[in-house]
Amino acid sequence: MGLKRSWLDSANSPTTPFPLNNLPYGVFSVGDGDLRCGVAIGDRVVDATGLEAAGALRADPLADVLDAPYWNDFMELGQAAWARYRSALSALLAEGADDATQDLIITHSVKLSEATLHMPFRVSEFTDFYASRDHATNVGTMFRGPENALPPNWLHMPIGYNGRASSVVVSGTDIRRPWGQLKGPDEDRSRFAPSERFDFELELGAIVGTSSNGPLSVAEAYDNIFGYVLLNDWSARDIQAWEYQPLGPFQAKATATTISPWIVTGAALEPFRRDAPAREVALLGHLKDAGPMLYDIALEVTLAPQGKAATTITRTNAKTLYYSAAQQLAHHTSSGCPMRAGDLLGSGTISGPNRENRGALLELSWGGTDPIALETGEKRNFLEDCDTVTLSGAAQGDGYQIGFGDCTGTVQPALNKPFG
């Protein structure tokens, strides 16, 4: 499939992340105005809330679902409604639309450069997985040696933990270095101090579209994913190393999780579906692949010290994942666990086979023993105060790309000691 042409010239550029093929959903405001649901197209944001209020484009003929500053009510309408709305919006924006239609869209849209972006949906709950084999192998090798790198259950099911929905923030939000309980291998007792090994994690987040109260098959789970965001699961590796046994990550992962501001729908990513890798261990029935469910999305991370140029420190691709978001969701529901619209599932760090493909500083610096060099001449084992980390990603089509918008956060110094 090639570029879908729009009457809006900026949407036809091969370098825009938001062509007519994309139409991602977000929430925006202008100045001190109200938060509104919006759709990115070229260099503009279409005011979906305004179009609904004017009766020009409604997702539900019986109720306003875009009058709140999040897309959750729209998600709950289900896949058929998502498809109808996308088709109707595409028609308004497609090349050949009449003057009245173009005037309508210009009236109900603003320049992206004038908009402030906000959380695009209300996060119900957050679960983070561990779905990259290269990442799991690298981390396991560091801590257990290559012969025991993968946990014994890893090839059988997606491993995950329940995180904090309350600390999910939108791109551009500053991230405060956390305090925590630390204990190094050569220390006799633990201490309470700011994290000294603060890290990013390059992930893809999947958003559950409609509520469910029982098990979903992999195919049903795939259809129930509303869309995807870039996700940075900030991680305090020294807090994690001391706390994680026997129940896994806790405070090390509770500081913040940053997401990109636009929800890229499964419909936009459909041309980029890819098969999972060959299975070394046959998956049980509730997890078996139901067609290509990974995506060919090129990903990269830059790191910029305060006031200095950014260095690209990793490049990888979402198609390297071992488990798809659909398999993660199906496994999550297999015990009967209810899911809600707006549940967020993180893929876990996405890494590739080589050093330049590793999705976290823990891997890039090999646990801090082999620092990476920045273009500024500085080196990094882990993040320093005032470092800005930016995740970006796009699926490359024929003459167009499907982008997410940047996922950015800047590390701020730890607070003064909060306890005695």
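I began with Lys253, whose side chain makes a polar contact with the side chain of Asp233 at 3.4 Å. I call a pair of N or O atoms a polar contact when they lie within 3.5 Å; within protein, one must be able to donate a hydrogen and the other to accept it, and residues adjacent in sequence count only if both atoms are side-chain atoms. A further polar contact joins the side chains of Lys253 and Ser235, at 2.8 Å. Lys253 is found in the loop between α7 and β16 (257-259). Helices here are DSSP runs of H or I with at least four residues, strands are runs of E with at least two, and both are numbered from the N terminus.

A note on the source: this is a predicted model, with residues numbered from 1 along each chain as its sequence is written. Local features need pLDDT of at least 70, side-chain atom pairs count only at pLDDT 80 or more, totals for chains, interfaces and linings use all residues, and side-chain values use heavy atoms, with hydrogens and water left out.

**Burial**

Is Lys253 buried or exposed? Lys253 counts as buried, because its relative accessibility is 7%. The cut-offs are under 20% relative accessible area for buried and over 50% for exposed, with partly exposed in between (1.4 Å probe, protein chains only).

I looked up Ser29 next. Ser29 sits in strand β1 (residues 25-29). Its relative accessibility is 4%, so Ser29 counts as buried. The side chain of Ser29 makes a polar contact with the side chain of His118, at 2.7 Å.

Then I turned to Met339. Its place is in the loop between α9 and β22 (344-346). Met339 has a relative accessible area of 2% and is therefore buried. I also checked Met339 against Thr316: they are 23 residues apart in sequence and 30 Å apart in space, C-alpha to C-alpha.

**The sheet**

In what order do the five strands of the open sheet run? The order is β4-β3-β2-β1-β5, and the pairing is antiparallel. Two strands pair if DSSP finds at least two bridges between them. β4 (109-111) and β5 (116-118) stand at the edges with a single partner strand each, so one side of each has no neighbour in the sheet. Neighbouring strands are turned by 45° against each other on average, direction ignored. The axes behind that angle are lines fitted to C-alpha atoms.

I followed β2 (residues 36-41) into β3 (residues 44-47). They pair in the antiparallel sense over four bridges. Gly38 stands opposite Asp47 in β3. Ala40 stands opposite Val45 in β3. β2 and β3 form a hairpin with two residues between them, and Gly42 in the turn has a positive phi of about 60°.

On the β4 side, β3 and β4 pair over three bridges, again antiparallel. Val46 has Ser109 in β4 as its bridge partner.

In a regular strand the side chains alternate between the two faces of the sheet. I checked the faces of β3 and found both covered. Arg44 and Val46 are buried on one side, Val45 and Asp47 on the other.

**Pockets**

I define a pocket on a 1 Å grid over the protein atoms alone: an open set of points with protein on both sides within 12 Å along at least five of seven lines. A cavity is a set of points where a 1.4 Å probe fits but cannot get out, and lining residues have an atom within 4 Å of a point. Points are joined across faces, edges and corners, and a volume is the space filled by probe spheres set on them.

The largest pocket has a volume of about 990 Å³. It is lined by 37 residues, with Tyr130, Val139, Gln240, Tyr244 and Pro249 closest to its centre. β6 (126-129), α5 (133-144), β7 (160-162) and α7 (237-243) each give two or more residues to this lining.

The second largest pocket has a volume of about 260 Å³. Its 15 lining residues include Gln79, Trp82, Ile225, Gly266 and Ala267, the closest to its centre. Which element gives the most to this lining? α3 does, with four residues.

**Cavity**

I found one cavity of 30 Å³ or more. About 120 Å³ of space lies in the largest cavity. Among its 15 lining residues, Leu204, Tyr228, Leu321, Ser324 and Ala325 lie nearest the centre. β13 (202-208), β19 (294-295) and α9 (325-333) each supply at least two residues of the lining.

How values were computed
Axes are lines fitted to C-alpha atoms, for helices over the stretch in contact, and angles run from 0 to 180 degrees between N-to-C directions.
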